[in-house]
Amino acid sequence: MLPIDEAAHSSRWRRRHPVDKAVLGLGLTVLAISLPPWPGAALVMMTALTVMLGPAGVPGRRLWRAYRVPLGFCVTGAATLLVRVGGDGFVGLAEGGPQRAGELLLRTSAASLGVLLFAFTTPMSDLLPRLVKAGVPAPVVDVALVTYRMSFLLLDSVRSVRQAQAARLGHTTRAAAWRSLAGLGATAFVRAFDRAARLQNGLAGRGYDGTLRVLVPKARVSARFTTASAALLAALITLTLVLEGPLS
Amino acid sequence: MHIAEGFLPPAHAIAWGVASAPFVVHGVRSLTREVKEHPESTLLLGASGAFTFVLSALKLPSVTGSCSHPTGTGLGAILFRPPIMAVLGTITLLFQALLLAHGGLTTLGANVFSMAIVGPWAGYAVYRLLRRTGVPLMVAVFFAAFVADLSTYCVTSVQLALAFPDPSSGFLGALGKFGSIFAVTQIPLAVSEGFLTVLVMRLLAQSSKGELTRLGVFPADERKRTETTEAVAR
């Protein structure tokens, strides 16, 4: 299992309806990209961190490991805003570049934390079957469900094959590493199709009619939780508008 | 490399979502039709999606010595065709955003456009063109993977340049900046992905010719010929 999904399965908010968590997490993301970065995104960032490390109980170390992935892209992308091309001299420091880069970093960091709040508390297996109600065609959801379940099995297979290749000195030279990697890709393909064929045989024996029926843990949308989330989002908007003048 | 969550301004995020929508809807229609006609395709398509997801998680040694991940869009387009790849790519990008924190939900439209639409279509166009002109299969596979990978990152650079034009030289200056960071550095990785795709395809041609024939990579009569040869050998 992947670390974020594993954390989501053992989250304190695991039993909450995905809509509850979407209103809060994705609401924070929307605010992060639509409010002025200073102080709006900064406030969103602090709120998301407080909620994740506090009531949601997301482990800090896991959060950092997941968070540093988008952070790497953001830092690289934002660094380009520090430089201008053309004008006096071919390359120079861009006027207002540090401010633009800082604002971009704030916005991206805050938006990423909003999505991470949702991802760290909502297992994919709770979310996918409910997408049909949101209007996503059932066949697409079925394919996504099979993809999700088979991904972990394939990742496990790939890990085992990789270990076996390493034990047979499959990564000692550059040529061996390429050969091993190609073997890994081809094995993943063969195993995926073999597993699909065996699944098909098993399901056919159980009267498969093209619809995958899965049990979804029962949960109800909490009016209290969504109202509190909406109030928190409204408070963030108000606070941003109030503080924007004095802090800018 | 995917554009991270919140990196694009809201108007750009929405615009790329709108631009991607027709291709994804077209793919969804193709997929729904396929599943209705052949219910067992759900499992095969799910397996294909899982393969694409796992392929993008493999570590690829670059010819310059660094390391990255293959996009898998070229191989995916050759095996499953671009319309299906639009859907499988969207599912994979959604999983990557929520399970690996790669990419994002607000930038999903932009990432889908570069990785699930332009990459597969460009790679597939090159593959078909080269095959029609009689170029050997593995050469066509190499260039399809190379073009699919590179075009993906070129489009990402265009998306970023449009969002953040240079204060002095505008869009073109920004394209130079983002291109030098995200696209030029990708050339050795695109070469690596081309080589890897050729090696994977060679192994698949040996071990899974039946599946490749069913997917249309090899003509059906070639399978018959292989079966006849095997029968004669027996």
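1. Helix α3 (residues 73-80) of chain B is mostly covered, with eight of its eight residues buried. Buried means that 20 or more other C-beta atoms, placed from the backbone, lie within 10 Å of the residue's own. Helices here are DSSP runs of H or I, at least four residues long, numbered from the N terminus.

2. This is a predicted model: local features need pLDDT of at least 70, side-chain atom pairs count only at pLDDT 80 or more, and totals for chains, interfaces and linings use all residues. Residues are numbered from 1 along each chain as its sequence is written, and chains are lettered from A and ligands numbered from 1 in the order in which they are written.

3. What covers the buried residues of α3(B)? The cover includes α2, α4, α5 (108-132), α6 (137-163) and α8 of chain B. Arg81(B) follows α3(B), and its phi is positive, near 75 degrees.

4. Now the two chains. In chain B, 59 residues are in contact with 69 residues of chain A. Contact means C-beta atoms, placed from the backbone, within 7 Å. On the side of chain B that touches chain A, α2(B) gives the largest share, 12 residues.

5. Helix α8 (residues 174-204) of chain A packs against helix α8 (residues 186-207) of chain B at about 55 degrees, with axes 8 Å apart. Axes are lines fitted to C-alpha atoms over the stretch in contact, and angles run from 0 to 180 degrees between N-to-C directions. Therefore α8(A) is oblique to α8(B). Oblique covers what is left after under 35 degrees (roughly parallel), over 145 (roughly antiparallel) and 65 to 115 (roughly perpendicular).

Key
Helices (H or I, at least four residues) and strands (E, at least two) are DSSP runs, numbered from the N terminus. Two residues are in contact if their C-beta atoms, placed from the backbone, lie within 7 Å. A residue is buried if 20 or more other C-beta atoms lie within 10 Å of its own, exposed if 12 or fewer, and partly exposed in between; C-beta atoms are placed from the backbone.
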